[in-house]
Amino acid sequence: MTSTLTPAQASPETSSDAAAASQQEITGEIDAISAEYAATATVPETMPRLDYPPYRSSILRHPTKDPHHADPETVELFAPVFGHQDVDALEADLTIAHRGEPVGERIIVTGRVLDGDGRPVAHQLVEIWQANAAGRYIHKRDQHPAPIDPNFTGVGRCLTDADGTYRFTTIKPGPYPWRNHFNAWRPAHIHFSLFGTDFTQRMITQMYFPGDPLFALDPIYQSIVDPRARERLVAAYDHDVTEHEWSTGYRWDVVLTGSQRTWMEPETTA
Amino acid sequence: MTQSPTLPPTPGQTVGPFYGFALPYAGGNELVPPGRPDAIRLRGTVRDGRGDPVPDALIEVWQADEQGRISREPGSLQRDGFTFTGWGRTSVDRTGEYSFTTVVPGPTEGAAPFFAITVFARGLLNRLFTRAYVPDHPLLESDRLLASVPADRRGSLVARRDATGLVFDIRLQGEGETVFLSYPGHDG
């Protein structure tokens, strides 16, 4: 059983806790994959590669067979419905979950959830989670020596409105270290979980902040090998979202893929 | 169908290791109350390319009810104990096993019934989709998707029975690798 081994004994090349490689080695692998993509790609890739060895824990967890094409049927043409009994309006403000004010830079993050044809995904669930301003998660696996903020949990939910708009008030998360390789740091990000009108549109992703110096070094961000595709995960600072003497603002739209429902629309909006 | 220009999709990313305080919720794995007479357990183990359990995967299930009806009812996050919403979510335990309390879906529109499954995990850079078909169902014979899968891999899409219900193991990689699905509009 691997559980009886120390991280150093467990296969160093596939364990995310091994921290065996240097940043230079990881960056070299990232750059080699990028260069190969730039030289040979004919159709732009839009998704992360599941097989992306610089992210060590993907090595044993990616399917080796191509996904099998399926035409969505029956239940796959629908998605679960969430309503106001599921989500309290207060859950969209991550700064009011506790008695005191959390520490850090208060931000508003808003945007629209759209399908591939630009139609709003209305009244659907958006969930987020994140580290606090010091880069610490409320999670037992995150033990790095940065302070926990007693006034910040870092979990939020909301429903999109009729226009597909979501909006959260939160604290700007900090970058944090992880053990993919030695001295590995994740760029600051907010995890987003999204549903569409179809099961096939389900997605989980991460939203990043503009200009992060860690982008080039991060194998999770770089697993989306097409530069334009990965830039779609970076929010834009938006002064129209920023509020006077209160909060800075970011805008980030999400486009879901895989909807087959054009012809069923009247039924689903009922 | 409208032929407006398609917007480029937003890429996915791994769920990471720290979703545990955010995504799982009380009652997430109880699509029906455990005491209901026709309740079954749908369970399985998620394994990696070495066959080791994956202890930090998150599984979601979406299904029709026992009559094959697709629920359009809210309430999956705050269950009332009576409404069947058809959707559930749970994280696996330390041994990589997930478990849902649910009902066996019936056929919808004459199609072989299945559970639609989504898999997330640390180390998995995007979600995976698959189907867990109800075993021994007469409609399996005529199912188009199953017929399109090579015979030696078809079994990975069909649950098996045990004393408490159904078992659907998920192998991310390697021997017996689960058939994962892509839908129109998806890459790959």
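The model is predicted, so local features need pLDDT of at least 70 and side-chain atom pairs count only at pLDDT 80 or more, whereas totals for chains, interfaces and linings use all residues. Residues are numbered from 1 along each chain as its sequence is written, chains are lettered from A in the order in which they are written, and side-chain values use heavy atoms, with hydrogens and water left out.

**Extent of the interface**

- The contact (heavy atoms within 4.5 Å) draws 78 residues from chain B and 86 residues from chain A.
- The buried area, that is, the accessible area (1.4 Å probe) that two parts lose on being put together, summed over both, is about 7300 Å² between chain B and chain A, with carbon and sulfur atoms giving 60% of this.
- In chain B, the residues that lose the most area to chain A are Gln13(B), Phe18(B) and Phe21(B), which together make up 11% of what that side buries.

**Polar contacts and the side of chain B**

- Between chain B and chain A, 35 residue pairs are in polar contact, both residues being at pLDDT 80 or more; such a contact is a pair of N or O atoms within 3.5 Å, where within protein one must be able to donate a hydrogen and the other to accept it, and residues adjacent in sequence count only if both atoms are side-chain atoms.
- Among the elements of chain B that each supply at least two residues of the side touching chain A are β2 (57-62), β5 (114-121) and α1 (144-148), where helices (H or I, at least four residues) and strands (E, at least two) are DSSP runs, numbered from the N terminus.
- The largest share of that side, six residues, comes from β5(B).

**Salt bridges**

- Glu60(B) and Arg202(A) form one salt bridge, at 2.6 Å from N to O.
- Glu76(A) forms a salt bridge with Arg131(B), the closest N and O atoms being 2.6 Å apart; because Glu76(A) lies in the loop between β1 and β2 (106-114) of chain A and Arg131(B) in strand β6 of chain B, the pair joins two chains.

**Strand pairing**

- Strand β1 (residues 68-69) of chain A pairs with β10(B) in the parallel sense over two bridges, pairing being assigned if DSSP finds at least two bridges between two strands.
- Ser182(B), in β10(B), is the bridge partner of His69(A).

Conventions: A salt bridge is a side-chain nitrogen of Lys or Arg within 4 Å of a carboxyl oxygen of Asp or Glu.
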